[in-house]
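Below are short notes on one model, point by point. Please read them with the structure open.

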Amino acid sequence: MIAATTPNGSAETGQTYLYFGWLTLLVYLATPGGYLVDIQTSYLLKNQLHETATQIATFRLLTAIPVYFAFAFGLMRDRWNPLGLRDRGFFLIFASVTAVAFVWMATSRFSHQGLLVGMLVAMLSFRFIGAAYQGLIALVGQERLMSGRLSALWNIVASIPVIAGAFASGYISEHLPPRETFFLVAALALLIAFLSFWKPRSVFSHTYDKPQAKGTDFLGDVKRLVKHRAIYPAVLICFLWNFAPGSATPLQFYLTNGLHASDAVYSYYSGIFAASFVPTFLLYGFLCKKVSLNKLLWWGTIIAVPQMIPLAFIHSGNLALLLAVPIGLMGGIATAAYFDLAMRSCPPGLQGTLMMLVDGVFALSARGGDLLGSKIYNSSPTNGFLYCVIATTVVYALILPLILLVPKQLIATADGEQNPEIEAEVLDEIAETAPN
């Protein structure tokens with residue numbers, strides 16, 4: 001058998017959860033594109049450097065360029081073995097580089113050019129950390145047959161910085177100076193570097209020696225990626241799920257301009273919305289061991305399609321905050337299932353490439369959906385937001401036919417169940433690429 005399972009509740013499984021729990025928390029706290037850094041840089045540019053909204057938006061667009069090409073970092077992760085430590089080598093080297101970039105920004109005189117260069121360096125180096133993290137969690141998920149449980153863990157822990165940032169954004173901007181923020185993020189990045197010295201057996205024992213970790217040369221890997229049928233529906237589903245024309249800028253403007261709610265309401269809505277995913281992430285962690293991924297994909301998507309419809313009927317900021325709870329609950333199963341699907345869909349030896357392709361698609365679809373939603377919102381002073389809700393619902397409904405394109409054998413089993421067909425496909429793919 002390719003994968004060896006561990007008993008539920010075993011010490012090895014618990015150690016795996018502990019390792020990826022801490023790693024996920026640090027990665028999402030220290031990311032240069034996260035709430036902590038974004039809040040401070042935007043306020044710094046606005047209040048100290050007196051830049052316009054267009055200049056700040058351009059700054060964000062430029063510093064996010066590495067995210068759009070995330071798949072390239074994933075491919076480098078899959079082919080490069082820094083310091084002979086594999087993923088731990090990426091954590092050690094590039095977390096240190098990220099820390100140096102933030103220390104440099106904290107100790108330098110603030111200027112647009114200096115912040116732009118520092119953030120670009122931080123974003124570039126952190127893409128390698130993200131590639132190693134996502135590639136490793138996908139590889140372990142495949143080999144240990146626990147992609148569903150790791151998807152639930154990933155999403156739960158990754159929600160913590162989002163929830164905290166949404167509720168604490170105002171406090172942070174007023175009480176934590178930018179220099180102190182940059183020093184704090186540098187310290188968090190160094191913790192990732194220190195984590196590279198931790199090598200739990202449950203995660204790293206022969207992980208890179210198994211068939212799922214085997215690749216070939218550069219051209220061979222590219223050909224295998226293109227020919228791997230499972231990646232296409234997985235990437236398209238993730239694109240549509242994050243392409244929500246009504247959930248960002250249009251909602252913010254509708255709450256503040258249309259309903260005359262305070263600016264804080266949108267932040268509170270975002271925090272409640274993110275927190276409300278957590279109970280269904282926990283439920284997914286239980287269900288994925290009992291039910292096949294095929295059923296969870298259908299159930300999650302059917303529940304999620306009407307997710308944004310309640311927003312069409314809000315008439316006050318307080319009602320929006322109340323509805324944020326059921327709206328968030330409706331999206332949890334789908335989100336966890338799509339990450340689960342992405343991990344299962346990775347070709348052998350190309351886990352970093354596919355997961356970072358998904359990462360880049362998430363970023364591009366979010367920006368694209370928000371841009372389209374803004375245009376739709378501005379198209380009608382009275383019904384613009386209603387049209388955004390309809391557009392989002394239609395986009396989510398398009399995910400349903402894509403589930404039919406997912407290879408049936410890939411999603412036929414529950415988490416922890418052996419899948420002889422997939423194991424045979426992995427071995428065949430490796431055999432085809434092995435040198436004669």
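1. C388 is buried, at 0% relative accessibility; buried means under 20% relative accessible area, exposed over 50%, and partly exposed in between (1.4 Å probe, protein chains only). This is a predicted model, in which local features need pLDDT of at least 70, side-chain atom pairs count only at pLDDT 80 or more, and totals for chains, interfaces and linings use all residues. Residues are numbered from 1 along each chain as its sequence is written, and side-chain values use heavy atoms, with hydrogens and water left out.

2. A search of the whole structure returns zero disulfides (a disulfide is a pair of cysteine sulfur atoms within 2.5 Å). For C346, the nearest cysteine sulfur belongs to C238 and is 10 Å away. C346 is buried, at 4% relative accessibility.

3. Q134 sits in helix α7, residues 112-143 (helices are DSSP runs of H or I with at least four residues, numbered from the N terminus). Q134 has a relative accessible area of 6% and is therefore buried. Beyond its neighbours within four places in sequence, Q134 contacts W154, M355, M356 and D359 (contact means heavy atoms within 4.5 Å). With D359 there is also a side-chain to side-chain polar contact at 3.5 Å (a pair of N or O atoms within 3.5 Å; within protein, one must be able to donate a hydrogen and the other to accept it, and residues adjacent in sequence count only if both atoms are side-chain atoms).

4. L219 lies in helix α11. Its relative accessibility is 57%, so L219 counts as exposed.

Technical notes. Helix = DSSP H or I, 4+ residues; strand = E, 2+ residues; numbered from the N terminus.
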